[in-house]
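Subject: Handover of the structure and notes on what was found

Dear colleague,

Please read them with the structure open beside you.

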Amino acid sequence: MSTVERVPPPRSYLEEGYGLRSWLTTHDHKRIAILYALGITFFFFLGGLAAALVRLELVTPAGDLMSAETYNKAFTFHGVVMVWFFLIPSIPATLGNFLLPLMIGARDVAFPRLNLFSWYLYVGGGVFTLLCLLLGGVDTGWTFYTPFSTLFSTSHVLLAVVGVFIVGFSSIFTGLNFIVTIHTLRAPGMTWFRLPLFVWSMYAVALVMVLATPVLAMTLSLIALERLFGVGIFDPALGGDPVLFQHFFWFYSHPAVYIMILPAMGVVSELITAGARRRIFGYRFMVYAIIGIAVVGFLVWGHHMFVAGQSMYASIVFSILSFIIAVPSAIKVFNWTATLYRGDIGFDAPMLYALGFVGLFMLGGLTGLFLAATALDVNLTDTYFVVAHFHYIMVGGAVMAYLGGIHFWWPKITGRMYSEAWARFAAILMFFGFNLTFFPQYILGYEGMPRRYHEYLPQFQVWNVLSSAGATILGAAYLLPLFYLAWSLRHGARAGPNPWDARGLEWQTASPPPPHNFEQTPTVTEGPYAYR
Amino acid sequence: MSARTHPVPEQFDDPVQQREAATLGMWAFLATEVLFFGVLFAGYTLCRVMFPEAFAEGSRHTDMLLGTIETAVLLTSSCAVALSVREVQLGGRRAATAMLALTAALGIAFLVMHGFEYYAEYREGLIPAIRYTQQGVYARGMEIFYCLYYFITLFHSLHVTVGVLLLGVMAWRTWHRAFDQDYHTPLELTALYWHLVDIVWIFVYPLIYLVGRSG
C-alpha cells in the first residue's frame, strides 16, 4: 500500500486503496457490496451452467446425456446455488449494501465489521458448496426433503447442508445490520414516510431474513444430526414425522421467496419513477403493501404441502391466505402502471428491465393463484407448471430487477456509463429468451409433464426443444452485460453525479461517491420521487 | 482505554446514537435466538402430541432435583448480572466486577451439574445413538424425547458457555475501568443476552423435567 501515492483524502471510495488487502479488509459498505457482486456473479454463472446441462438433457425424450443420478445432482446444484448463493443475497447484499446508507443519508451501515464478516460467511458457505460439487454433488433437490436426505441419499448431503447453514448466517447478519441502520442512521429530516420504496423493501426483507433464516439453520442442523447419528425427529422408522421437516423448511423457504422478490419490487419502484419522471402513485399504499407481503408471507408456507398429507383444514386456510397475499402484490402492479400513466416515459435500459419485470411478475403472480387453489394444485403439483411459475417470479422478476438495478446505478457505482445500445439489446433479448424458455414449461406442466425427471414422453418434445432453444438465447443475453459493463469500466463515458436526473439522495453525491458518502450530512426536506 | 475517551465509530453522530444502534442490534439478535429455540420447541410439541405417554415416562427418568437446582442457579445468576449493571451505573467498579464473576461462576456451576446429569443418563442408557438400552412399549417414543432433550439442552448449554466467556471478558474489562456511568453498553448487552439464556431455560425446565411427571 505504501507504494501507492496517496493524496489525502481520497476522492472516491474506489481510490481508498488498490491492493487486494485493502479490499479484503474494507469496512466500507460500498466496497463490501462490490465484493458481494463478484461472488454472486460467479455463482450465477455456475448455477446457470448447471441449468444449461439440465436443458441440454431435456432436448430429447430419452435420458441420453447423463444418468438419472447425475441429472438429479445437476438440478439440485442449480437450485442450491441459485437460491442461496445468488437470489437471496443478490439485491440486498449488492445494491442494498451499496445504496441503503446512501439513500438514507448515512456514512455507512450501523455495524461495518459485521457487514464484512457477513461477506466472509457467504464465501465460507460457498466454499463448502463448491467442495460438495467437487466431491460428487448432492441429489436431494434444493429442498432436502426427509427421509431421503437423512436415510437414503448416498450423496454429500452434509457438505451442502453445512454450506447453506453458514450462508444463512450471512443473511441473518445482513438483515440485522439493515434493520438497525434504517432505524438509527437516517439523516435529519428523513422520516419513515420519506424513505424511498427501495429502503422500505430492504427493511421488510431484513425483517424476513432475521425472523425466517434461524428456522432454516436449526432445521438443517437437525438433518445433519439425524444423518450423523441416525436418530432424530424426522425419521418415520423411529416414529418421527417427515412432514414436520416440510413445515419447518417451508416456514423459512416460503418467506425466502419474498426475500427474493421484495427487493426486486423496491428496485422497480425506483426505476419506474425515474424512467417515467413521475411521483410514485400511492406511496403509502406501496409501503403498506410491502409490509403486508412480508407479514402475510410468513403465513402461507403450507401451500407447498397440499399433497404432502397435511390436514385438509390447514390446506384450506393456507389456500385462502395465499390468495390474500396476491392483493398487496396486485396493488403494487396497479400502482406501477398508474405511475406510468401520463408519464414522460424514456426507454433507457433500466426502464426496459423494469417494464419487463412488471409483465413477467404479473404472469408469474397470476399463475401462482392457480397453484394456491387446492383442487387445481393437486393436478399441477410437481409438474413443469410449478417450475415455470417460480421461474417467472424469480428469474423473470428478481433477476430482471437485479439487472435493471445494476444498470440504473452502474454510473453511481463505477462513475462510468455503459453502452446504451448494447444494454437495450441485451434487455430485449433477455425478455424474449426468457419467455421462450419458460412459457413452454407452463404448457408442459399443464399437459402433465412432471419435474425432476431426465426422461419424458415423446409427445412433450416440441415444447422441450423450444424451451431449450430459449435457454440458449437467455444464456447469451446474460453473458452480454459481462462484456459491455466490463468494457465501460475503462472506456465508458464519465457519468456525472446524476446522469438520469433522478431525485434520490444517492444522486446528490459524486459518482463514484466519496468514502463517507457525502461531503456533509444531507438534510431532507421533502418526500421521495419529487418528480412532477 | 478509559471510558471517557471511548471513540465513537465514524458511522455514528454521537454516543447516544451508537448506544441505540447497539441495543437494537442485540434485540434483533435475540429475536433470531427465539426462533432458533422455537424450532426445537415446535418439534417437541408435535412429538409430545404423538407420544404423550412416552414423553411422560421419559420425563420421569430425568433428575428433577438437579434440574430444579440448575433452575435456581440460573435465575440467581440473572439477578447477579442485573445487579452488576446497576453497580456500574452507580460507579461501583469493585462490586460490579464481583457480581459479574459470580454470574460466570453460577453459569459454570450450571454446566457442571448438567454434566453430572448427562453422565447419569449415560450409565442408565438413555442417550440415543450413543448408549440407549431402554426396552418396553415406550422405548421408541422415549428415544424421541431424549433426542429432543439433548438437542435442546446441548444447544442451551452452548449458549451458557458463550455467555460465561462473554461474562469473563466483561468482568475483566469492568475491573480495568473500561466502563463507567456514561458508557457501559457492552455490559448491558451481555446482561440482555444472559437474560435470554435464562428465559429459555424457564421454558425448558417445565417441558423436560415437570410435564406429565405425576401422571
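Helices here are DSSP runs of H or I with at least four residues, and they are numbered from the N terminus; it is in this sense that B:Leu158 is placed in helix H5 of chain B. Please bear in mind throughout that this is a predicted model.

Chain B as a whole contains six helices and two strands, and their order along the sequence follows the pattern α-α-α-α-β-β-α-α. The C-alpha atoms of chain B fill a box of roughly 65 × 30 × 30 Å when the box is taken along the principal axes. Of the 215 residues in chain B, 52% are buried, and if one takes the contacts in this chain between residues at least 6 apart in sequence, 78% of them join residues at least 24 apart.

Two loops of chain B deserve a look at their backbone angles. B:Ala129, which is found in the loop between strand E1 (126–127) and strand E2 (131–132) of chain B, is not a glycine and yet has a positive phi of about 75°; with a relative accessible area of 43%, B:Ala129 is partly exposed. B:Arg177 lies in the loop between helix H5 (139–175) and helix H6 (185–210) of chain B, and phi of B:Arg177 is likewise positive, near 60°. The relative accessible area of B:Arg177 is 53%, and because the cut-off for exposed is over 50%, B:Arg177 is classed as exposed.

In chain A, there are cis peptide bonds to check. The peptide bond from A:Thr146 to A:Pro147 is cis, with omega near -5°, and A:Pro147 lies in the loop between helix H4 (112–134) and helix H5 (148–152) of chain A. A cis peptide bond also joins A:Ser511 and A:Pro512, where omega is about -10°; both A:Ser511 and A:Pro512 are placed in the segment after helix H15 (461–491) of chain A.

The surroundings of A:Ser511 can be described in some detail. With a relative accessible area of 15%, A:Ser511 is buried, because buried means under 20%. The side chain of A:Ser511 makes a polar contact of 2.8 Å with the side chain of A:Lys412, and a polar atom of the A:Ser511 side chain lies 3.3 Å from the backbone oxygen of A:Pro497. Leaving aside residues up to four places away in sequence, A:Ser511 touches A:Pro411, A:Lys412, A:Gly415, A:Ala495, A:Gly496 and A:Pro497.

Another serine to look at is A:Ser269, which lies in helix H8 (residues 242–276) of chain A and which, at 1% relative accessibility, counts as buried. A polar atom of the side chain of A:Ser269 lies 2.9 Å from the backbone oxygen of A:Met265, while a polar contact of 3.1 Å joins the side chains of A:Ser269 and A:Trp336. Not counting residues up to four places away in sequence, A:Ser269 touches A:Leu197, A:Ile280, A:Met286, A:Trp336 and A:Tyr529.

Finally, there is a helix pair to consider. Helix H3 (residues 68–104) and helix H7 (residues 197–229) of chain A pack at an angle of about 135°, with their axes 10 Å apart, and this angle makes H3(A) oblique to H7(A). The crossing of H3(A) and H7(A) is left-handed. Among the residues that make the contact are A:Trp84, A:Ile88, A:Pro92 and A:Gly96 of H3(A), together with A:Phe198, A:Met202 and A:Leu216 of H7(A). Divided by type, the residues of this contact comprise 15 nonpolar, one polar and no charged.

Notes
Residues numbered from 1 in each chain as written. Chains lettered and ligands numbered in written order. Predicted model: local features only at pLDDT ≥ 70, side-chain atom pairs only at ≥ 80, totals over all residues. Heavy atoms only, no water. Buried < 20%, exposed > 50% of the residue type's maximum accessible area, 1.4 Å probe, protein only. Polar contact = N/O pair within 3.5 Å; in protein donor to acceptor, adjacent residues only side chain to side chain. Contact = heavy atoms within 4.5 Å. Axes fitted to C-alpha atoms, helices over the stretch in contact; angles between N-to-C directions. Parallel < 35°, antiparallel > 145°, perpendicular 65-115°, else oblique. Left-handed = near helix turned anticlockwise from the far one by under 90°. Nonpolar A, V, L, I, M, F, W, Y, C, P; charged D, E, K, R; others polar.
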